[in-house]
Amino acid sequence: MKKIYFNGEFISLENNDFDAILVENNKIKKVGTKEEIMSLKDDNTEVVDLNGKTMMPAFIDPHSHFFNVANNLLSVSLEGCESFKEIEDRLLKYKNENKIAPGKWIVAIGYDDNILEEKRHIRKYELDKILPDNPVIIHHKSGHNGVFNSKGLELIGVTNDSEWGYGGKIEKINNETTGFLEENAFIENCKKVPLPKIDELLDACEKAQKKYASYGIATLQDGMFVDELVPIFKRLVDENRLYLDVVAFMDKKAEEEITSAFSENIKKYKNHFKLGGIKIFLDGSPQEKTAWMRTPYLGEKDYCGYGTMKDEEVFDDVKFAVEKGYQILAHCNGDRAAEQYIDAIAKVGDNAKSIRPVLIHGQLLGVDQLKEVKKLGIIPSFFVAHVYHWGDVHIEHFGFDRAKEISPANSAKKDGVIFTFHQDAPVIEPDMFETIWCAVNRKTMDGVVLGEDEKVTVLDAIKAVTINAAYQYFEENEKGSIKEGKFADLIIVDKNPLKVDVDDIRNIKVLETIKNGNTVYKA
């Protein structure tokens, strides 16, 4: 089946001028004038009139957690709760509406202590009063910490005598655990919470794909693929349930088990799934003051956050990735964590460039560090929407002068650094137009312009989530622009982002998402 699209505006990103395209066999066969393209029409050609709408490349998600997006659909959302009372109401409503039996786990997601009127984390004492008969875990919106109630702590084996070593924290008050766990201590203990039934998870993965597609995303990421996910993804792949491309980055500790299970998916797609490489965490979250900084947080005498891996461990993992030919993604929010990663890559040597190492988040990546980033071929993927969602918190934690340089995209552009943007879903929705809006306007929730000098053009923001993102995945010859020979991964939107007022970009609607020439979402 052939398809011709015409009578619209096209954003190609390849500097070529045309007003119609022909799609055939999942790829963009031809671009040109309406007359040229219509001359290729035959009896098997569907002609689509865009009626003045805009067609552009589908978005490519440079970093998120696909499985967590799916799993969260089976959890209680605490998004937007502004008090412990609201958290209590949400939890009790969920338990009652779903008739949750005593002893069954209740998992909640998305609370943010930064907006709670109590101005602190809820702890096991409050959760025990709300749900005394169920083990409970509530995940912080950042994904870097959370709280268990007493039954939950008992089942994961955390007691008053439990301690955590480097890169994590089990909070205690008067030698008693509070239920609050941070960084590695939280992440590792989360694995002990049983997952929902596999059929429920498979259905949730279908809904998660629809969510991504509704935002115009045709390629997405699972940014921390652990061994517990192997049976779920085996079903997804073997039963051909994926229709968007999913790139997974493995927990190195599980690399052997994962690659054994997916030997046909190593660095190449089979049934829309491929293993892209490995992922490591080097620090935490700036809004939770666990990002590892070179200088102390504002108002702290000498506290700079902390790292989660030792220097030799980071070097070993980068070296391992280079030897295996895997791409490596490193979570680095603070400038000290970025320094640790940069130093490890430099120590490994020039061969590291071949794997296009990625620095994930880069909130506080220093402008002074960008020249070394460029030299080493590191791709920073900025969580630029932090400017809007937590910019005001960053001002509190770092002061305005330091906060205005978070996600230094324009400085990166000036230094010739290829960068991408992401949303870290499910931390926030995978809304690419909101991200483009954030990068162009850099306004906080309180309306403060945070980093006038770090604003980028609309075109550069679009490139960060299309052609640059394709480059990040080694797919620049296949995706990311409207060009003959590339896959027909396209979206139709109601307004041209290059022509609307910059304040209106976040209101652009995705009307249709096309993957390999096939419509996978229609508004």
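Reader: How many helices and strands are in the protein chain? After that, please take me through helix 8.

Author: This is a predicted model. The protein chain holds 19 helices and 23 strands. Start with the whole. A compact globule of 523 residues would have a radius of gyration near 24 Å, and the protein chain agrees, because its value is 23 Å. Its C-alpha atoms fill a box of roughly 80 × 55 × 45 Å along the principal axes. Of the 523 residues, 58% count as buried. Among contacts with a separation of 6 or more, 72% join residues 24 or more positions apart.

Now zoom in. Helix 8 covers residues 230–238. Five names matter here: Val 230, Ile 232, Phe 233, Leu 236 and Val 237 are its buried residues. Look down the helix axis. The buried residues of helix 8 fall within an arc of 160 degrees, so they line one face of the helix. An α-helix has 3.6 residues a turn, so residues three or four places apart point the same way.

What does that face pack against? The partners of the buried residues include three helices by name: helix 2 (66–72), helix 7 (198–214) and helix 9 (255–261). Strands take part too: strand 14 (217–225), strand 15 (245–251) and strand 16 (273–281).

Last, see what comes after. Asn 240 follows helix 8. The phi of Asn 240 is positive, near 55 degrees.

Key
Residues are numbered from 1 along each chain as its sequence is written. This is a predicted model: local features need pLDDT of at least 70, side-chain atom pairs count only at pLDDT 80 or more; totals for chains, interfaces and linings use all residues. Side-chain values use heavy atoms; hydrogens and water are left out. Helices (H or I, at least four residues) and strands (E, at least two) are DSSP runs, numbered from the N terminus. The radius of gyration is taken over C-alpha atoms; the globule rule is 2.2 Å times the number of residues to the power 0.38. Buried means under 20% relative accessible area, exposed over 50%, partly exposed in between (1.4 Å probe, protein chains only). Contact means heavy atoms within 4.5 Å. The arc is that of the directions from the helix axis to the C-beta atoms.
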